[in-house]
Amino acid sequence: MLDQDTRAAKSFYREVRKFAESVKPWDTTAIYYETKPDEALDLTLVAQRVYGRRDEYLTVMAAAGLDSIDQPLPQKRIVLPNEGQLIAIKRRVGFESIADLREAGAPSWAGA
């Protein structure tokens, strides 16, 4: 389903990328994840292993600096926002990746 705000996903990607690039090595609140060979062509697998759900593949893509979903994920360490940081980024930019939290092309929490 298309998002009502066509800029939301782009803004989300940009904010996650900025987060991943600006985290200091001593920041213990972020998630540091070593990608594995079986994840090279399946970003949803990383999302499942980190967040417990496959919906967060755009988060993984942004953290890894990939330009498209079809681009292979190299084996490397990526920095991902923890659950609280991820929710804060989503709220700030008005984007939601979890289908159950979307209604009519927009986050259901946006009107709350």
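Guide: What follows concerns a predicted model, beginning with a helix and moving on to charged pairs.

Visitor: Which residues of helix α2 are buried?

Guide: Helix α2 spans residues 43-51, and its buried residues are Leu43, Leu45, Val46, Ala47, Val50 and Tyr51.

Visitor: And what do the buried residues of α2 pack against?

Guide: They pack against β1 (31-34), α3 (57-64), β2 (77-80) and α4 (83-93). Just after α2, Gly52 adopts a positive phi of about 80°.

Visitor: Changing topic: how many salt bridges does a search of the whole structure find?

Guide: The search finds eleven salt bridges. In one of them, Asp38 pairs with Arg49, with the closest N and O atoms 2.7 Å apart. Asp38 lies in the loop between β1 and α2 and Arg49 in helix α2, so this pair ties together parts eleven residues apart in sequence.

Visitor: What about Arg53; with which residue does Arg53 form a salt bridge?

Guide: Arg53 forms one with Glu83, the closest N and O atoms being 2.7 Å apart. Arg53 sits in the loop between α2 and α3 and Glu83 in helix α4, 30 residues apart. Arg53 is buried, with a relative accessible area of 17%, whereas Glu83 is partly exposed at 34%.

Visitor: Which residues are linked with Arg53 in a network of salt bridges?

Guide: The network links Arg53, Glu56, Glu83, Lys90 and Glu96. Lys90 and Glu96 form a salt bridge with closest N and O atoms 3.0 Å apart, and both residues are buried.

Methods:
Residues are numbered from 1 along each chain as its sequence is written. This is a predicted model: local features need pLDDT of at least 70, side-chain atom pairs count only at pLDDT 80 or more; totals for chains, interfaces and linings use all residues. Side-chain values use heavy atoms; hydrogens and water are left out. Buried means under 20% relative accessible area, exposed over 50%, partly exposed in between (1.4 Å probe, protein chains only). Helices (H or I, at least four residues) and strands (E, at least two) are DSSP runs, numbered from the N terminus. Contact means heavy atoms within 4.5 Å. A salt bridge is a side-chain nitrogen of Lys or Arg within 4 Å of a carboxyl oxygen of Asp or Glu.
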